[in-house]
Protein chains: 2
Amino acid sequence: MGDKRQISMAVVRRLPKYHRYLLELIRNDVDRISSKELSDRIGFTASQIRQDLNNFGDFGQQGYGYNVKDLYNEISNILGLHANYNMVIAGAGNLGQAIAGYSNFEKEGFRVKALFDINPKLIGLSIRDIEIFDIDNLRNYLHDNKVDIGIICTPRVQAQKVADVMVKNGITAIWNFAPTDLDVPRGVIVENVHLLDSLLTLTYRVNEPKLLDYINKDPEEIVEEE
Amino acid sequence: MGDKRQISMAVVRRLPKYHRYLLELIRNDVDRISSKELSDRIGFTASQIRQDLNNFGDFGQQGYGYNVKDLYNEISNILGLHANYNMVIAGAGNLGQAIAGYSNFEKEGFRVKALFDINPKLIGLSIRDIEIFDIDNLRNYLHDNKVDIGIICTPRVQAQKVADVMVKNGITAIWNFAPTDLDVPRGVIVENVHLLDSLLTLTYRVNEPKLLDYINKDPEEIVEEE
């Protein structure tokens, strides 16, 4: 056996996009698609698509294209779908409630089983039949129930404490929405959604033309303007 | 003058992370940091950090490190901060309300001025003094008010229609949370937050060891197991 193939994070981050586009094609009753057509829609080059998919096996046939449903199913498997994931959410504010209410997560096998909060006004309420418990019960809940993914929707200052409770009680996958990077032991996987990072990327791109004009100027030109 | 320097999207996507870490250092009263220490915290190599920053000018001094506040301010400028951005949100469900309620956006100069929805139960209510209007008024609102960023928090099927109204009425920057890729004219910048993509990246990483074991096996081994 040769060296183990590893998949780069850049490839991994493109996989959900393939998944999303192929679902769109299925919705539009498309059975087959060439790598050229797929490339036009998804915005990666045809050769990039072939390379990405080649990491995982042999898909499609030259000149004949991909079977949309087969490819969708294969990518679903690669992404670890076709399984059920039990999730709990710490932080039952608007964001936690939004995530608990997303019906398209449930379609893919993701089930929010419980929410946790410190706010007495929220504790005992239910969101789509999912109960909000006191955060002090998180530890016991994780002991008594099989939970695959812990979701953190608390404010920044509480996030690390919540992550510690999750990790100590067997959670190995955390989806973190708090605007901080969590410190977790090796083997625990954290996927961050830093919303402000995304918004700042948008403002950067809005301002980029002005910025590039400035940094591409000769130093002398800049001096002259002052 | 030589060729215009362009900044790669990979660099652009790292900038908000520098911004976030430097803010954390300021909060902890750190005045100076070496590229080595910054590298240890942020998880990019010191040479990567120097290369990234070199795109935008001359920062720090060899062996003396970066002035944290100066670097933070420079990166804020590069990201287009130190300006105010007026934003509107289409879709006033939990996610729209969560975004309208984020106080840390406002600290960076982002102000949500209005929400829009089709739900008569929401129209007329206010979230932190921000009124929810009928989505039919979006067009007129954009005509009468200076709005820099349109945020889409509607379900998938309404997202393109809302984007069209925004673009026709002068919006050139869209922050899209709907799980679909928007079709917009050249010059309009769209930043997508596809939450399911992020969740699928997490499940991929959870399942990766099993998957790599499988694809790294000799074909013969696989046959033997069957």
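How much area do chain B and chain A bury between them, and what share of it is on carbon and sulfur atoms? The two chains bury about 6,400 Å² between them, with 62% of it on carbon and sulfur atoms, where buried area is the accessible area (1.4 Å probe) that two parts lose on being put together, summed over both.

## Basis of the model

This is a predicted model, in which local features need pLDDT of at least 70 and side-chain atom pairs count only at pLDDT 80 or more, while totals for chains, interfaces and linings use all residues. Residues are numbered from 1 along each chain as its sequence is written, chains are lettered from A and ligands numbered from 1 in the order in which they are written, and side-chain values use heavy atoms, with hydrogens and water left out.

## The interface

In this pair, 70 residues of chain B are in contact with 70 residues of chain A, contact being heavy atoms within 4.5 Å. Across the interface the rule finds eight salt bridges, each a side-chain nitrogen of Lys or Arg within 4 Å of a carboxyl oxygen of Asp or Glu; one of them joins the side chains of B:R20 and A:D181 (2.8 Å, N to O). The rule also finds 22 residue pairs in polar contact, with both residues at pLDDT 80 or more, a polar contact being a pair of N or O atoms within 3.5 Å, of which, within protein, one must be able to donate a hydrogen and the other to accept it, and residues adjacent in sequence count only if both atoms are side-chain atoms.

On the side of chain B that touches chain A, the elements that each supply at least two residues include α1 (9-27), β3 (85-90) and α9 (195-215), and the largest share, 18 residues, comes from α9(B). Helices (H or I, at least four residues) and strands (E, at least two) are DSSP runs, numbered from the N terminus.

## Symmetry of the two copies

A rotation of 180 degrees with 0.0 Å of shift along its axis superposes chain B on chain A, with an RMSD of 0.0 Å, and the two copies are thus related as by a two-fold rotation axis. The superposition is by least squares on the C-alpha atoms of residues with pLDDT of at least 70 in both copies. The same surface serves both copies, since 100% of the contact residues of chain B recur in chain A. Of the residues of chain B, B:N94 comes closest to the rotation axis, at 2.6 Å (C-alpha).
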